[in-house]
Amino acid sequence: MKIFFEILVILALSLFLLSMNGLNISALFIISCILIIYSLVILKRVITSINKKWLKKLYNIYKFVVIIFISSFLIVEGMIILSICNHKDMDDINDINYIIVLGAGLNDNKVGKLLKNRLDKAIEYYKLNNDVNIILSGGLKPNNTISEADAMYNYLISMGISKNKIIKEDKALNTFENIKYTKEILKSRNDLDKHVLIITSEFHIFRSLMISNLLGLKSEGLACYTPIKMRVNYMISEYISITRDFIKGNIYKLDN
């Protein structure tokens, strides 16, 4: 009867999370964490009732993996929070040669709210430092007929930015590719030693700079505002993305 009640509680909690956030990576990640921890509790109960040596070893191994997983999650989230709290203000960033604006999805082939915030921040910085070039990085995603780079270009032109200052990178489909293909553009212009400013959302700054450092760019980050609910959702999913891109970045370093 106890286990039946516990399952109902987990089910109710899962439905609540899905109703609040919809079916997204963050909600599924939290539900998975709950199930992982609950399975550890169940396994401990089984060991108590069935005194088997191999079962205890299995439990200890599983517990160790869960502890490592939870610890790594807390460490990564802590680093994201620190990057949000300690990011530089616009007035503290000098000697920039290129601005890099990272794509963030489109709505009906136009920039969405998240991406507009990034572009507005880039415009704000450009107006104070109009000698910099702006690299717009984002490829063609499903359900769109133009690339993120093209949509960003159209927005900047409509806001009065000179087309001679804009460079489009229209192949990248994720953050790692944003930085990778931007590096190729800089290399083609013999500007790999130049100082770049990555403009993206608050939750995204840590991963973007991590990838940039792994790929050998001289970079700083400038964060734009993200609504609290959206920020929390993305911060949770960032754990998976940071882990993946950390591995990809180190493989890239070995191959290059």
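Reader: Which strand does S1 pair with over 5 bridges, and in which sense?
Author: In this predicted model, S1 pairs with strand S4 (residues 133–137) in the parallel sense over 5 bridges, where strands are DSSP runs (E, at least two residues) numbered from the N terminus and two strands pair if DSSP finds at least two bridges between them. Residues are numbered from 1 along each chain as its sequence is written. Local features need pLDDT of at least 70 and side-chain atom pairs count only at pLDDT 80 or more, while totals for chains, interfaces and linings use all residues, and side-chain values use heavy atoms, with hydrogens and water left out.

Reader: And what is the bridge partner of Leu102 in S4?
Author: Leu102 has Ser137 as its bridge partner in S4.

Reader: How many bridges join S1 to S6?
Author: S1 and strand S6 (residues 195–201) run parallel and are joined by 4 bridges, and within S6 the bridge partner of Ile100 is Ile198.

Reader: Switching to Ser208, where is its place, and what does Ser208 touch?
Author: Ser208 lies in helix H7 (residues 205–214), a helix being a DSSP run (H or I) of at least four residues. Ser208 is buried, at a relative accessible area of 1%, and it touches Leu102, Thr175, Ile179, Ile198 and Thr200, leaving out residues up to four places away in sequence, with contact meaning heavy atoms within 4.5 Å.

Note on methods:
Buried < 20%, exposed > 50% of the residue type's maximum accessible area, 1.4 Å probe, protein only.
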